[in-house]
Amino acid sequence: MTETEESVPTAQKLTFATMTTMVVGSMVGAGVFSLPARFAQQTGVAGALIAWTIAGVGMLMLAFVFQTLAVRKPDLDAGVYAYAKAGFGDYPGFFSAFGYWASACVGTVTYWVLIMSTAGAVIPALGDGDTWLAAVLSTIGTWVFYFFVRKGVREAAVINRIVTIAKVIPILVFVVLCVFALHPRVFADNWSGGSDVGGLFTQVRGTMLVTVFVFLGVEGASVYSRHAKRREDVGRATVLGFLCVFAVFASVTIVSYGIMPYSELADLRQPSMASVLETAYGQWGKVFVSLGLIVSVLGAYLAWTLMAAEVLFVAAKDNDMPRFLKAHNPETDVPGAALLMSTLLVQVMLVVVLFSEDAFGFALDLTSALTLIPFLLAAAYGLKIALLRDGYAGSGRTRDLVIGLLATIYTAFLLVAAGIRFILLALIIYAPATVLFVMTRREQGKRLFSPVELVILAVSIAGAVIGIVALAAGWITI
């Protein structure tokens, strides 16, 4: 048992069931309620099936990587961040921690946008969740959650477990009801999607960021590894949680193609699941899904708020973030400074999305883009330890070598699929974060950058400058 694990009270240790629930709770959020329209805007049934196959296999490989690392490297806490640092050094590890944290914060913004868009169907002043009134109400909700979470991780975890069950039920009911209402002719007509969505490769590529977003949280058990009752439960919870959520997400997408023509699906306001069920069963279907969405999103927001704070806190304890982020209340097990910093970034992004052409879509895609570097580094670390036989005294190396290679290829492909626009936007957020890295180094009296780290710094700054110029010139937009 590590020093970190010994410092966590036994009463707060997480069981396999609790961690599995946390993984499912982290993934089942705003994304699933947007799937019908988001997919229909990019692809038909054939492209959707291929996209889910690629995403399913790729993310399963990534889940297996987290499972392997949890067993082979039990001394590493906070999952994504710790793996990047152990494999590639302090600065890449810092980038991974910051990127993962930022993606969690930006991702929670999509929850508020979707809630306000849902209410906007009744209150026009809320629009699609992108009006000033929506921003004000979202701000109030953000700070209410902040003060609630400060009361303690244990209380929040219990509520998250209850909410996870409550939010999965309406999604499963949606799938079953749509199966009975499915029109084979409509489903067949939606097979290719039409000429306006491009070729099959273009269709599949266009959906990749959406699949990344809905699978964010697959690493949730790894983030909370310091709280695990048994280390092997971390990997098992990751894989089981992923498989359950994958089946649900793919089903939500595919059955929707049997309810409405893809062109109508693509034009639905979010949450598009509500309109799909309304088409099949009337107004009550829309109300049913809308209520389920609110429960789902609030639960997911809680889970992601906890994870975002946890990443900053553990990075600070490992001396990879400024010492002020180590502030922690042992009675409630809440990292107060990290929680406050996370809430402040959410607040900033609530204002930024007001200037976006598509607030929900922009926040969703930016969230995915920010998390790709942490995922790529984690996958590459899994591949690295298999190549170097690090931690392999017996069998299993060949299996892990294949899994690590496939996970690395998949996450690299996602970077290509994201496109230059979101890579540049992500770098605009990544580059200024180096200030925190410099603060940390100066606090410890260490050399600021190695030669390799200076190259990484130069690339990130250059990308950020290009991104800012591109935004100013109108070459890219938010």
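Mentor: Start with tryptophan 52. Leaving aside neighbours within four places in sequence, tryptophan 52 is in contact with Leu35, Phe39, Thr211, Val214, Phe215, Phe246, Phe249, Ala250, Thr253 and Ile254. Contact means heavy atoms within 4.5 Å.

Trainee: Before I go on, what kind of model is this?
Mentor: This is a predicted model: local features need pLDDT of at least 70, side-chain atom pairs count only at pLDDT 80 or more, and totals for chains, interfaces and linings use all residues. Residues are numbered from 1 along each chain as its sequence is written, and side-chain values use heavy atoms, with hydrogens and water left out.

Trainee: Which residues touch the most other members of the largest nonpolar core?
Mentor: Leu35, Trp52, Trp101, Phe174, Phe249, Val252 and Met321, out of 148 residues in that core. Its largest share, 18 residues, comes from helix α6 (residues 90–120). A nonpolar core is a set of buried Ala, Val, Leu, Ile, Met, Phe, Trp, Tyr and Cys residues joined through side-chain atoms within 4.5 Å. Buried means under 20% relative accessible area, exposed over 50%, partly exposed in between (1.4 Å probe, protein chains only). Helices are DSSP runs (H or I, at least four residues), numbered from the N terminus.

Trainee: New topic. How many salt bridges are there?
Mentor: The count comes to eight. The rule is a side-chain nitrogen of Lys or Arg within 4 Å of a carboxyl oxygen of Asp or Glu.

Trainee: Which side chain does arginine 441 meet at 3.1 Å?
Mentor: That of aspartate 90, N to O. The pair links distant parts of the chain, 351 residues apart: arginine 441 sits in helix α19 (residues 434–444), aspartate 90 in helix α6.

Trainee: Is arginine 441 buried or exposed?
Mentor: Buried, because its relative accessible area is 9%. Aspartate 90 has 24%, so it counts as partly exposed.

Trainee: And which side chain meets arginine 441 at 3.9 Å?
Mentor: Glutamate 453 does, again in a salt bridge. Glutamate 453 is in helix α20 (residues 451–473), twelve residues apart from arginine 441. Glutamate 453 counts as buried, at 10% relative accessibility.

Trainee: Last one. Where is threonine 43?
Mentor: In the loop between α3 (30–40) and α4 (45–72). Threonine 43 is buried, because its relative accessible area is 0%. The C-alpha atoms of threonine 43 and alanine 266 are separated by 9.5 Å, and these residues are 223 residues apart along the chain.

Definitions and conventions
Helices (H or I, at least four residues) and strands (E, at least two) are DSSP runs, numbered from the N terminus.
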